[in-house]
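Today I am sitting down with one model and jotting what I look up as I go.

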Amino acid sequence: MTTTTPQETRPQAAAKPARWAADAVATMREGARLRLDYSAQSLWRVDRMIEDLRREEPPFAAFEAVLRGLGAYAGEVIVRQTGAEWWATGNDHWVRTPDGKLWDPIDEARRCFSGVGSLRLLCRDATSGSRVDGF
């Protein structure tokens, strides 16, 4: 008898967000000439870019995939800085840091677009137990 768990951990859960993050890095490099290097410092630029997009008042649907990619990028920064793992249930993806806390960087990117979130601050909070340059 095989039992399935409702949550998956890396590498299965990481496949989609890692791909979304890599796509965001390539898109930002080609389209916006923005270099993203998976550093905590790069999240300053990501927050600023989302703020610039928000000021143009485009419909959310026009940037939903971009925001998902940028949120996944922030999650990958946390994963690489802390040894965290991606967790997934259905279509929802979170980052679980070594201290057991769950973080939702994809939703935080959406919150940034609405003017109330910050990927940089989310990363700072998620990595507070680790030394991360850039904050």
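Helices (H or I, at least four residues) and strands (E, at least two) are DSSP runs, numbered from the N terminus.

**Ground rules**

I note that this is a predicted model, where local features need pLDDT of at least 70, side-chain atom pairs count only at pLDDT 80 or more, and totals for chains, interfaces and linings use all residues. Residues are numbered from 1 along each chain as its sequence is written, and side-chain values use heavy atoms, with hydrogens and water left out.

**Entry 1: the hairpin**

I start with strand 2 (85–89) and strand 3 (residues 92–96), which run antiparallel and are joined by five bridges. Which residue of strand 3 is the bridge partner of E85? I find R96 there. Two residues sit between the strands of this hairpin, and G90 takes a positive phi near 60°. N91 also lies in the loop between strand 2 and strand 3.

Is N91 buried or exposed? I use these cut-offs: buried is under 20% relative accessible area, exposed is over 50%, and partly exposed is in between (1.4 Å probe, protein chains only). N91 has 69% relative accessibility, so I log it as exposed. I also checked N91 against K16: they are 75 residues apart along the chain, with 9.7 Å between their C-alpha atoms.

**Entry 2: A84**

A84 is in the loop between helix 3 and strand 2. Its relative accessibility is 5%, so A84 counts as buried. What does A84 touch, leaving aside its neighbours within four places in sequence? With contact meaning heavy atoms within 4.5 Å, I list I78, V79, V95, R96, T97 and P98. The C-alpha atoms of A84 and P98 are 5.7 Å apart, though 14 residues separate the two in sequence.

**Entry 3: rings**

I count three aromatic pairs in the structure. My criterion is that rings of Phe, Tyr and Trp (its six-membered ring) pair if their centres lie within 6.5 Å; planes under 30 degrees apart count as stacked, over 60 as edge-to-face and the rest as tilted. F63 and F113 have ring centres 6.4 Å apart and planes at 40°, so I call this pair tilted. F63 is in helix 3 (residues 60–82) and F113 in helix 4 (residues 105–114), so the pair ties together parts 50 residues apart in sequence. Both F63 and F113 are buried, and together with F60 they form one aromatic cluster.

Next I looked for charges over rings, meaning NZ of Lys or CZ of Arg within 6 Å of the ring centre and within 35 degrees of the ring normal. R80 lies over the face of Y38, 3.7 Å from the ring centre. R120 does likewise with W44, at 3.9 Å.

**Entry 4: the whole chain**

The protein chain has five helices and four strands, in the order β-α-α-α-β-β-β-α-α. Of its 135 residues, 42% count as buried.

The mean pLDDT (the predictor's confidence in each residue, from 0 to 100) is 87 for the protein chain, and 87% of its residues reach 70 or more. Confidence is lowest in strand 1 (residues 8–9), at a mean of 52, and highest in helix 5 (residues 119–126), at 97. Where pLDDT is low, the predicted coordinates should not be read in detail.

Notes: Pairing = 2+ DSSP bridges.
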